[in-house]
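The structure comes first, the reading after.

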Amino acid sequence: MAFVQFSQVSLAFGDRDILNNVTINLQTGSKVALTGANGAGKSTLIKVLAGLTPPDSGNRAVQKDSRIAYLPQSGLTHHGCTLREEADKAFDFGYELQRQIDEIGEQLESGQGNTDALLIQQAELIQKLEESGWHRRAAAAESVLLGLGFSRTDFDRNTEEFSGGWQMRIALAKALMQNPDILLLDEPTNYLDIEARDWLESFLQNFKGGFLLVSHDRYFLDVTINEVYELFNGNLKRYPGNFTHYEKVREVELKTLIAEYEQQQQEINKLEDFINRFGYKATKAAQAQEYQKKLEKMVRIEIPESLKKIHFKFPPAPHSGRLVLRMNGITKSYDGKNNVLNNLELTLENGDRLVVAGRNGAGKSTLLRIIAGEDKAFSGEVLPGAGVQIGYFSQDNAETIRGKQTILEYLEERAPLELIPKLRDMLGAFLFRGDDVYKALDVLSGGEKSRIALLQLLLSPVNLLILDEPTNHLDIHSKDVLLSALKDFGGTVVFVSHDRGFIEQLATRVLHLEHGQHKYFVGGYEFYMEQMEKNNMLESAKQIQRSAVQRSLDGTKITTARGERLPPGLSPQNQASSTSGDFATPPSPRGAAPKTPESAPSGGKLSYEEQKRLDAERRKIEKEVSRLEAKITELETKKSELEAKLSLPEVYSNGEKAKAVQREITELISQIDETTAAWEEAALKLEE
């Protein structure tokens, strides 16, 4: 069994302990999430596991011949070859094994070395190569690339043509293609849309090796992992169960500590308030100095950032009418040929929480820019309702944030008076903690500027929020704070997000965009997913039926020497004389009347008994197809019920119950696959 493990590993940066006598063991079958506050050292721990950063002390052990694949958060680029060629580099280990096999083969041919030992070594290498899936590398590469959102037309594009986000998708694809024993993924979902995340979820659920990952997507973690390691103040502690279960257990575990923390915070606030108010008054100076010494000597209680209770509300939304926005016949094209949006109709009412869904490139961001008034190059009309005031957030907002001001000064200038006392807490919720609030705007990273732009928007009194990927660059706790504020928001929200948990808890309406077309769903995201799944199944069934009809028609033809399909009775010699398509009757001899079906040779007819038997068999098959269709529907319904059951607190918080429900779901999926295969087989018989 492959493994990589720590034993009493420590690592410090300066006077700060990143890892303090940490022990962890990853092996085949491990499904682990690593969590902790931003800056806790999660990425460092992963690098030590990967063998890229040596620890100060302790031991790192790896099972012999174990293969480890590592994906960092960002920074990887690829160039100098096509996507297909870059993907093939993921299989370098296989090429090396093949080289060793060939080398041993040459030694055997030349009679060098111990023949028996060489044969054993070669057999081991051949087995290892086969088990790695190297011989199926082309199919594996195609499957992974398509799953992560690349198209077949991308395969022959040069890698330098892809943007930074797609560069990281290439890196993720290469890590997965290696089929390693241990997979280390540092925020793999950062650059993925929902479809690619869903595919990655499925991949990890079926992955035979072990993996450890960091992610800020709670839903993604809940469906992929079964144990959590928390890194806090250099210490690492294991919690069995999914991520939601970990949060509940951890909160109970720290209930006393949180109470002590909050009590201490109240005392600190009182002392600081007294010092600030009376520190320069002669009558209170001595007492203020005493309080200052007390603060300096106080041993501060620390708790994980994710458990600090931070809440805020939007400024009250200005009043607007019931009708917030109407869009009529919106059509948008970038090249004058292909419409990204085609005759889109949309009505927004006060209080709607509309998520715009669809694959990358479907026009989601384009639609949001049009609603916000940022893009005016379209046909159709956008009609805002009375009193509508729009607030718009996109990643591009960050470009306008610059200057010598500190973050705190910048926001204090823009915040309503009633929110200024809460700015420090709000900044903390958006990952600006401690002295971070005094950073100058000019030194902020792109991600930090995006968080400031989002927070700035939340300070403004608006009643229609347009949010394009608001959860990017936020950790789980920050997403929760934003989600809570949006749920309490008194206006209307239109948003795009790749965080499924965030969408499921916020959306009340879904607009699906695909190939310029749109579909509107009145209901939450789960309802939308169910309807899309039903539509996809229906479309698949229709496609199978169309194929069945076509093959049935093709089956009535014969093949010429050139491979052409001809109607029965029509030979290649008289093919050119046929004038009425596949089912034309053969031409008659000159001067003779054409034969009617009654005058056709009797040898081509079925007897009454034979025809009756065939009709009976066909009716039997039709009944079987109907039965199987009903069974598929029944199984899908049961699966949906179990998936809903899995989301109940009394189930997901109980490891045994959750596993039992998951086993039932897995069994149902197997039954659905078997029944669908039987249905396809029965449907094909109808063609014969």
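Buried here means under 20% relative accessible area. The model is predicted.

Helix α16 covers residues 476-488, which is 13 residues. From first C-alpha to last, α16 reaches 19 Å, close to the 18 Å expected at 1.5 Å a residue. Buried positions in α16 are Ile 476, His 477, Ser 478, Lys 479, Val 481, Leu 482, Leu 483, Ala 485 and Leu 486.

Leu 465 lies in strand β15, residues 464-468. Leu 465 counts as buried because its relative accessibility is 0%. Leu 465 and Phe 393 sit 72 residues apart in sequence, yet their C-alpha atoms are 8.0 Å apart in space.

Next comes a helix pair. Helices α13 and α15 pack at an angle of about 20°, with axes 10 Å apart. The angle is under 35 degrees, so α13 is roughly parallel to α15. The crossing of α13 past α15 is right-handed. The table lists who makes the contact.

| Helix | Residues | Contact residues |
|---|---|---|
| α13 | 407-414 | Ile 407, Tyr 410, Leu 411, Arg 414 |
| α15 | 446-458 | Ile 452, Leu 455, Gln 456 |

By class, this contact of α13 with α15 holds 5 nonpolar, 1 polar and 1 charged residues. Residues three or four places apart on an α-helix point the same way, because there are 3.6 residues a turn.

Conventions
Residues are numbered from 1 along each chain as its sequence is written. This is a predicted model: local features need pLDDT of at least 70, side-chain atom pairs count only at pLDDT 80 or more; totals for chains, interfaces and linings use all residues. Side-chain values use heavy atoms; hydrogens and water are left out. Axes are lines fitted to C-alpha atoms, for helices over the stretch in contact, and angles run from 0 to 180 degrees between N-to-C directions. Helices (H or I, at least four residues) and strands (E, at least two) are DSSP runs, numbered from the N terminus. Angles under 35 degrees count as roughly parallel, over 145 as roughly antiparallel, 65 to 115 as roughly perpendicular and the rest as oblique. A crossing is left-handed if the near helix is turned anticlockwise from the far one by less than a right angle, and right-handed if clockwise. Contact means heavy atoms within 4.5 Å. Ala, Val, Leu, Ile, Met, Phe, Trp, Tyr, Cys and Pro count as nonpolar, Asp, Glu, Lys and Arg as charged, and the others, Gly among them, as polar. The expected span of a helix is 1.5 Å times one less than its number of residues. Buried means under 20% relative accessible area, exposed over 50%, partly exposed in between (1.4 Å probe, protein chains only).
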